[in-house]
Every structure is written in C-alpha cells, then in structure tokens.
Amino acid sequence: MLLLGCIKEVSDYELAISLPNGLSGFVPVTQISDAYSQLLTKQVAEGELLEELNSLPDMYSPGTLVRCIVTSTEKTADGRRSVKLSIDPKKVNKGLSSTALAAGMLLSGSVSSVEDHGYLIDIGVTGTHAFLPHQKAKNYIKAVKKGPDLKIGQNLNCLIVEVKNEGRVVCLSIDRSEVAASIASERQNWTLSNLLPGLVVKARVQKVAPLGMKLTFLSYFTGIVDFMHMDPEKSMSYSPDQVVKACVLSVHPTSRAVRLTLLPPFLHPGGAPRQLPGQRMGAVLEEATVKAFYKQFGAVFELDDGTLAFARLKHLSKTRKSFKPGAFKEGCKHKCRIIDYSLMDEMCVVSLKHQVIEARFLQYQDIHTGDVVQGKVLSLKPIGMQVKVADGIRGLVPSLHLSDVILKQPEKKYSIGDEVKCRVLECNPGGKKLILTLKKSIVQSKLPVLSSYEDAKPGLITHGFVVCAREFGCIVKFYNDVKGLVPKNELGSDPITCPDKVFYEGQVLKVMVLKCEPQQERLLLSFRLSSKPGPEDKWKCTPKEKQEVKYQIGEIVDVKILKKKDNGLEVSILEDEDNVVAWIPMLHLSDFVATSKLLWHCLQEGDVLPRVMYLSDKGEHIILSRKSAVISAVQEEQVVRSFSEIQPGMLLTGYVRNVMPFGVFVEFPFGVTGLAPKVSMSDKFVTDTKDHFVVGQTVIAKVMSIDEEKQRVLLNLKVSECSSGDSAAESFALLNQYFKELKEIRDLVKRGEPSICELVPGRGVHLVVQDVREDGSALFSGSSVTGLTVTATRYHLGDKNIAPGEKRKAMVLHVDALTSEVYVSLREELLKHRP
C-alpha cells in the first residue's frame, strides 16, 4: 500500500513516520535507497567510516513529507501493530515505466551520485537515467541548510522538466517554487497502477456524507475524503459539484481505493504540516467538548484553544463494557489528556482513560536522569533486561546493573512480568534510549545525583560504580556516562597494590570528588571520604626519652593501670625498674568487642592486669593486647613472623584493623596485614561491610593468595572456609573463654556495685511500680535494686493493669552492667516456673 507520511523522529537507524488516521510506522536504515544501502554494506565490510556516507539525521528533518510503501506489518510482543515502511524509489515508483513518464509529473527520487554538473537521481524506473542540474537544485539546497551539496540517499520531490529518447533520459527540477506549483493533470496520463500519494489534483465533490465525502478527479478516478481530512474551516459548507484542490493520501493496491486530504498544508507539494507546541504534549485538559461521535472510530473534541482532537474508541473508557455512548453527545464535556499528535491529520490525539490522565510518564521527555521508576520485566537477554516503564516507554537494565553483584543466572532472580524498582542512569529522548539500574545501593541512595561534569564540585560525596580496576587505580561511573579516576593512592587508607584483586566491575562505592575540569571532562576522585585520625593516633604517650626495646613480640607481662582514657588504658609494666609505660587499646582488652567495653568500664586506676602480651612497638609507644585467642596463637606458634612465611591456605588469628566499603583489613601479630574483599567476607550476601565486622573484632582468616612483589595478602573470612577440622572444640573453647571473662567482670563489678551482681537472670525480686510510660513500659524501684534503672516492657507486664505505688513480684530477665539497667518480667507463666 502506498501512503503519504510525515517524518516524526530521526535516529541513526530509522525514521519514525506519522501516517494518516493517527497511525505511525518506521523506515529502517536499509530501506532508504539502493545507493545508500550499498554505502552501508561497504562501510560494514571495510570497518571504517566512509566520508560519502551521511547519517540519517544529517539528511532528514522532522516535519518533512515523504512517500512510503508498506513492506510488512507485524504484531509486537505486547499486542501492538508495528508497520514497516520503505521510501526506496524502486519500491514506491514500481508502477511507473519509462514510457509512462511525462513532463510535469511529480515523483519521489533519491540522490544516487554527485557529478560535475549536477546529480544522478534514482527515480526507481528501470531503463531511465534521471539527471538534476545544479541550477535546478541550488535554491532547494539553500533553503534546507543541510550542507553545500545534496547527499547520497537524500529523498527528494522531483518534477520532470523534460523527457528525452522515449523516457530513457529525463531532466528534473527540485526548485521549491516549481514543485509547489505542480498539479497533476490528465495530460500526464496517470493510471490507477501508477498513481502516487502526494500528488495535488483538482477534484469535484460527488457526494457529502457525515463521515466524509466522495470526490472525482483526473477525469475517471474516484476517491474518499474522511471526516478528519476535511478543511475544518469549510467542513460544513461542501456541496456536490463543488471544485476543490485535494492531495492524494493513500492508494490501496488491490481495492484501488484512493484516499485524499483537503487540509491546507498538503495542497502544495513539498508543504509541511503544522507541529504541536512542545508544552501541549502531555497536557491535561479539564474540559474538552464533544464535536462529533463516530461509533466505529471514536470522538472528535474541541479543545480549550479551539483546535480539534481525536480520541480512539478504546481511549474513551477504561474497558469496552464501561463505555456509555450517551456520554458523547455533541456538547458534552470530558476531562482528557493529550497523548500524541498526528502530523498527517494535524490533530491532537487524546485519551479519557483515568490511568493515562494520572500516568507519571507519557513520553521519554518526561523522564529525567536520577528518577526512581517502577517498571515491568519484558525480557531477559545476554545484553540485559528490558523493562516497560509506561506505555510506549521501554528501558534497558544492562547485565552489569541487574544487582549489586554480577548475576550469572539472572533468570533465577527475575521472571517476565515481575515489577521492579529502577533508577534512571541515562535518558536520551531523541534516540528513545533509557538506561536503568537495579543496584539497590544506587536505587536507595540519598546522596546527590552526579549527572554532569559541571555538578562535580570538590568535596561532593556520592555513589558511583566501578567500571574498571587496573594497576593505575579505578575508573568509576555515575549518571549520564560521567566518569572519573580514583588514582592508586586514593583507593584506601592502607596502600592497595593490586586494585583489580580488591575491586570488581559493577561494585557500588561512595566516592568523594577531589578535582574536576568540565571542559576536558576530567574528574579526579577518592574512596577516602575523610582524613580523620585512627583510634591509635588520638592519644600520644610521650616517654621522657625513646625507650630501648627490651621486650620481644609475644612476651607475656603483668601490668598496672596508670590512667583510663577514652579509647584505652595507659599502664606500666610491673617488675621493670624503669617503669616502662605502655598502652592497651580498649579493643585489645578482650576477643569480644562488647566485653572489652565492659572491662574498660569496670577497671579502675591501680588495678593489676595479669598475662598481657607485648604486641608491637610503633616507635613512640608499646602496644599490649589481652586478646586470649591472639595470645594462644602466638604461644602455639600458629603465626607468621614475616611476609615470606605466608602460604595460601594458612589459617591465622588476627583482628580487624579497618572496615572499608570494599572489604576488611585484618592485622596479625608481628605486623603482617591482609585484606578480605567484600566478596570473601561472609557466607551471607554483603550489602554493607559495616553490618558484618567492627574494628577490633578478633577473627580467624584463611590466606587466599599472596603477591610477593607487592607484599600483599588476600584473605577469606567466610566461616565455612575458616574452621579447622575440630570446629566444635574451637567453639566450646571460645564460649568457655567468654564466660570466664564474664565471671572476671562480675568480680570487678562486685567491688563497686555489689547489688547488680546478685541480680542474676531468673531470680525473683520484690519491686514497687514507680511510673508507667507512654509506650506502655513501666519503671520500678526497690531496696534490692537501689541505684539501678529497672524496666519492664509492655509485653512483660502481664494481663493486669498496673498503677504507680503498687507492689509487685518480678523476675530478672537481663542485666546490663555497662548502663546499670535491669530488665524484668511480671508475666505469670514465667513467675510460676521460677526455681
């Protein structure tokens, strides 16, 4: 079928075409012309860009009328019809033969080569050479401003000026004034087999009906003008035998049905239909008045600015059943939304559907980088996941962005039809390109969206994802393809010699902007978000002079507490005449972080701590440790004294020195440090490293690999990997040590607060209700709990209501010595089982 169409959008690979009656189709890049397809094939074969091959946006502009032929119609996965078209003159003009060509004929042609005196034009007629002299092209070239010359593949409205040698040679003109004045006449001998859309004819009205009218033209042709193509100014005044100017819109090959338009912009060949003002697209109109209702098609409305709009039948109500024809009598008013504009009908397309009026997005232009959108999974392919964001809006989640970690089998996590919450990484409305991410850390990020180099101000902290980790550092990407470099020295507080072993592609991390040069699109970043001193730098123990080293690492000493400081204890080593001063960091008081804090709370200046191990001498101070697991590892020689002793597969006891977003640094006695990357930290999936480890925690780590050249150790902290043969015995030994230390704390607490030590869980106490709080919990007092905060949550008050002043019997559930808080229960079922 031949149709007149108007270019709606131009991309590198296709032309989107607006067709009559609100339809649309597309012309693939391979359906432009023979000469253009040959250049494409040559470029693909040679693998380099050809100078004479211009892109579609260089040759075609939205708003231009083109003649097309339908090559196929297909149904897409979501049930829509997809119309494929061609503007190749060989297909469009296939009904024409060289003998049928006559001066004054207007047809489509395509530039096939540039010659000295003009252009060879492909008009698709076998055995005919068509030539366009420079003189007949210069005004057109000046007006279109697409460069100094016509380009191979450019589609033109060609007027035949002269026919020579029985049609074997024709001379053409594309001069705008000559083309615009051309009217098809009987002299040109048009037949039904070669009649072309785009021809302007003089026609006579034969019959006028509510849905359109019948015309006769070129002596013996008849055609139909439907209601959408009557001139709105004159639609009521047409009468039989009236002579009108009309333009052929479409020719059906089998039924020979010809449709025409009487709309003014089409009545001069080469004209351009009116465009819709940009701000009107998507506008919601409170009152649109029904002008006419056609039960098979839909309704025509008059909008607030006096223009006409059309709503298809399916857009008049939510479902076919809920449709009420009575609501569409002439003059009725409805709320609607402009969802499209048909260039070929010069009419807005509207919808009355509630879900369309309320929809957040109607077109790609409505979506902005950084928006969080809800979508539905359409398909899973090796390149990634296709997501439907709204009707006619689709996005791609590249395989790297399907999860925080790379998924080997995404089909196990996602199914077609699943609802997914994504974030827009990139949106290019012109190319209908929408790139999304499903990485939770980015979707849920509250940090600023970095979508241009101009926004990258030094000091800005935001989330980015690693796209490459190499010797020189990491390249991190943000929104809209903005990317920057994290150099090697900015990867972490400790030196990282092999970034590719620590970081992985797709990893989401917080980064800080150090420097940006927007003109050069250069961005320098850091993973070190602050330069706060570590816990060991906060205190400085300055001895009178540098002490000579008299202790070896691993040596056991007894110490006396000299001073309690916020993050540790200053102690003197006993049985040493020189009163050597040393330091026990708070986190080295025990293998258990909570116990360390309790011990620090209970110890007093002057207390003696037996069996503390000499851990290191950092120059200005000696560091000691009381971690029993670390001490026994040293005593049993389960340690490495230098880097050269490390072997893959070894199990070593150490403690967490630093927790970074990308992994955990672990230090071992004798100063060897290793890194457990995020992927090797836990048997569970790690989103945030801080949820799994804290600084000072004692750990057993397995050596995964070593890099002797860079003195680097990679570790595994997964419990499944890090237990030796007898894991039960190890667990009981740790538990035993924990209870031993708790007993020690109890003895220390007895000294200062004896009452708290008598309150063991399970013991019964007599209390007085002091207060009932707003959240339903209650506070108690009593002689056995003087100086302590005693609380029962609302779940532990039992069935009876309680009031201040009442005496009650309760059972101790938990005692927190650190905060002097006691939790009790009044529930009958617990009290009756009390021993």
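The model is predicted: local features need pLDDT of at least 70, side-chain atom pairs count only at pLDDT 80 or more, and totals for chains, interfaces and linings use all residues. Residues are numbered from 1 along each chain as its sequence is written, and side-chain values use heavy atoms, with hydrogens and water left out.

**Confidence**
- The average pLDDT (the predictor's confidence in each residue, from 0 to 100) is 85, and 94% of the residues score at least 70.
- Over residues 531-548 pLDDT stays under 50, and the model has 16 contacts (heavy atoms within 4.5 Å) for them beyond four places in sequence.

**Nonpolar cores**
- A nonpolar core is a set of buried Ala, Val, Leu, Ile, Met, Phe, Trp, Tyr and Cys residues joined through side-chain atoms within 4.5 Å; buried means under 20% relative accessible area, exposed over 50%, partly exposed in between (1.4 Å probe, protein chains only).
- Ile 121, Leu 150 and Leu 215 have the most contacts inside the largest core, which has 50 residues.
- Leaving out residues up to four places away in sequence, Ile 121 touches residues including Val 111, Leu 132, Leu 156, Cys 158 and Leu 172.
- A second, separate core has 45 residues, among them Cys 602, Tyr 614, Ala 792 and Ala 810.

**Helix H10**
- Helices (H or I, at least four residues) and strands (E, at least two) are DSSP runs, numbered from the N terminus.
- Buried residues of H10 (628-635) are Ala 629, Val 630, Ile 631, Ala 633 and Val 634.
- These pack against strands including S31 (556-565) and S39 (698-707).

**Helix H11**
- Phe 732 lies in H11 (residues 727-752) and is exposed, with a relative accessible area of 59%.
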